[in-house]
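Subject: Structure for you to look at

Hello,

I am passing on the structure we talked about, so please open it and keep it beside you while you read the notes below.

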Amino acid sequence: MTNKIINATLNVIIFIVPLLIIPIGYSKIPYNILKISVLLLCGLILLITLIVKRKELKFDNIDKTLFVLYILIFLSTIFSINLKNAIFGAKYRYEGFLTLTCYLLTYYTSKYYFKPHKYIEKFAIIVVWITSIIGILQYHNLFFIYNIFKIPHVASFTSSTFGNTNFFGSFLAIIVPTFMALYITKNKKIYLFTSYISFFAMLATTTRSSWVGLFFASIFGLIYVIKNRNKSLIKNTLQIVIGFIIIFVIALNSPKWISKIISSINFHSNSNIEIIENDLLQDRLDIMNTELQSTIKDKNVKNSFGSYRIEIWNIVLGVIPKVPLLGTGPDTLAYSLIKYSTNDALAYIKGHGQYIDKAHNEYLQVTATMGIPALIVYLIFLGQILVKQKNMFKDTSSFILVIPIISYICQAFFNISTIGVAPIFWCILGLIQNIDVKKKLQ
C-alpha cells in the first residue's frame with residue numbers, strides 16, 4: 001500500500017503540479033500558490049511513507065552525498081539572515097528549506113519506489129500537449145480564456161501554466177530533448193509530433209537558456225546516432241531536423257498573418273490588450289545579434305549581455321566572499337544583496353526598477369545562498385549520477401534519461417530553479433537509477 005501511495009504521489013508531482021497556476025492579474029493570490037501547496041502536501045506524504053518504511057530504507061554512495069548536501073542546506077537555513085524566507089522561500093518563488101526537502105524526497109522515492117504504469121506515457125504526452133498548446137496560443141494572442149474571463153495579461157507572453165516565459169522554457173528544455181530521444185530510439189510517431197509541438201512552444205518562449213540546453217543535448221544525441229548509426233536512427237534524426245527547420249520558419253513568420261486574421265474577426269474588440277504586430281521571435285534574434293556586436297565593439301556594455309545577466313552575476317559574486325561556508329540561507333538572495341552588496345544592488349534597483357531575488361544561474365544561486373561547500377557537494381552528486389551512465393551511447397535507456405539531464409544542467413547556467421520544473425528534474429535524477437524504469441525504456 002505504501003508503494004502505491006508513493007507512486008500516486010510522484011505522479012501528482014510530475015503531471016499535476018506543472019499544470020497548476022493562478023493566472024497573473026486574475027486576482028491578488030500569488031500565481032504559484034497552488035503549485036507550492038500541492039508540492040508541500042506531496043512532500044509530506046512521501047516523508048510519512050518513508051518513515052513507515054524506515055526499516056527497509058537503503059542508501060548508496062550517491063545518496064550519502066545527497067545527505068551531506070541536505071545537512072549543509074539545513075545548517076544554511078538555521079544560520080540564515082532571514083529564517084522565515086529560508087524555511088518557506090521568498091514570495092512567488094517558495095524555494096526554501098521545505099521545498100528543497102520535497103525535491104530530495106522526490107529524488108529518493110523516484111529512485112527506489114517508482115514503478116512505470118502503463119498509462120504513464122499517455123499522461124506525459126497529455127501534459128506536454130496541454131502546456132505547449134496553451135503557450136503557442138498565448139504567443140499568437142489566441143488564448144481565449146484570457147478574453148472569456150477578462151484576465152489582464154501581457155500580449156504574446158508565452159508562460160503557459162508556469163507564470164513566466166523562463167520557467168516554461170526550462171520545462172521545455174527537459175521535454176523537447178526527451179521526446180527527441182524517444183523518437184530517435186523508439187520510432188513512434190506520437191513522440192515525433194510531441195517533439196514538434198514542444199519545440200514550437202520552446203521557440204515561442206524566446207527563452208535563450210532553453211535553446212542552449214537543447215543545443216548541448218542535441219550534440220549528445222548526434223554522438224549517439226553516429227556511434228549506433230543505422231537507417232532507422234538516421235531517418236528519424238533527419239525527420240526531427242527537417243521538422244524543426246520548418247517549425248522555425250513558421251514561428252518566425254506566423255504572428256503577423258495570424259494577427260491580421262484576429263483583427264479581421266475583431267476578436268479583441270472587448271479587450272484592452274493590444275495585439276503585438278511585430279515578430280517576437282525575430283525580435284529576440286535581433287537582440288541577440290545586437291548584444292553580441294555591442295559587446296565585441298564596446299566592452300563597457302558587456303553587463304547588459306543576456307538581459308543584464310552578467311551585471312546580476314557580478315553583483316551576486318560580491319556576496320559570496322562575505323558568507324562562503326553556509327551562504328545566507330535558501331531563497332534569501334534579495335536580503336543578502338541588500339546586506340552585503342548594498343550599493344550595487346541599489347544601483348540595479350534604481351536602474352532597472354526591480355530587485356534581484358534570483359541569480360539567473362542556479363549554481364551561483366546555490367553558492368550565494370547555501371555556500372561554496374553546498375555547490376561542491378551538489379556538483380559531486382550530479383557527477384556521480386552521470387558517471388554511472390558512461391555507457392549512455394550504447395544503452396538506450398541511459399541515453400533517453402541522460403539527454404534531458406544534460407539539457408537542464410546546461411540551461412541552468414542562465415536560468416533559475418522554479419517549483420513547477422525542478423521536481424521533474426530531481427525525479428529524472430532518480431529515475432535514471434531506477435532499474436524498473438530503465439528496463440521499461442530498453
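What follows is a short account of a pocket, a helix and some salt bridges. Please keep in mind throughout that this is a predicted model.

Let me begin with the second largest pocket, which has a volume of about 730 Å³. Its lining is made up of 31 residues, and those that lie nearest the centre of the pocket are Ile120, Ala124, Thr178, Leu182 and Leu441. Two or more lining residues come from each of the helices H1 (2–16), H6 (120–139), H8 (165–186), H18 (396–411), H19 (422–431) and H20 (435–441), and the largest share, seven residues, is given by H8. If you sort the lining by class, you will find 24 nonpolar residues, two polar ones and five charged ones.

Now to the salt bridges, of which the structure holds eight. As background, side chains of opposite charge can pair when their charged atoms come close.

In one of these salt bridges Lys111 pairs with Asp60, and the closest N and O atoms are 2.7 Å apart. Lys111 belongs to helix H5 (residues 97–112), whereas Asp60 sits in the loop between helix H2 (33–52) and helix H3 (61–78), so the pair ties together parts that are 51 residues apart in sequence. Lys111 has a relative accessible area of 6% and is buried, while Asp60, at 23% relative accessibility, counts as partly exposed.

A second example is the salt bridge between Arg93 and Asp357, with the closest N and O atoms 2.9 Å apart. This pair links distant parts of the chain, since Arg93 lies in the loop between helix H4 (83–88) and H5 and Asp357 in the loop between helix H15 (342–352) and helix H16 (362–370), 264 residues apart. Both Arg93 and Asp357 are buried.

Lys188 and Glu121 also meet through their side chains in a salt bridge (3.0 Å, N to O). Here Lys188 is in the loop between H8 and helix H9 (189–205), and Glu121 is in helix H6, 67 residues apart. Lys188 is partly exposed at 35% relative accessibility, and Glu121 is partly exposed with a relative accessible area of 30%. Finally, salt bridges that share partners join Asp60, Asp63 and Lys111 into one network.

Best wishes

Methods
Residues numbered from 1 in each chain as written. Predicted model: local features only at pLDDT ≥ 70, side-chain atom pairs only at ≥ 80, totals over all residues. Heavy atoms only, no water. 1 Å grid on protein atoms, 1.4 Å probe; cavity = no way out; pocket = protein on both sides within 12 Å on 5 of 7 lines; lining within 4 Å. Points joined across faces, edges and corners; volume = space filled by probe spheres on them. Helix = DSSP H or I, 4+ residues; strand = E, 2+ residues; numbered from the N terminus. Nonpolar A, V, L, I, M, F, W, Y, C, P; charged D, E, K, R; others polar. Salt bridge = Lys/Arg side-chain N within 4 Å of Asp/Glu carboxyl O. Buried < 20%, exposed > 50% of the residue type's maximum accessible area, 1.4 Å probe, protein only.
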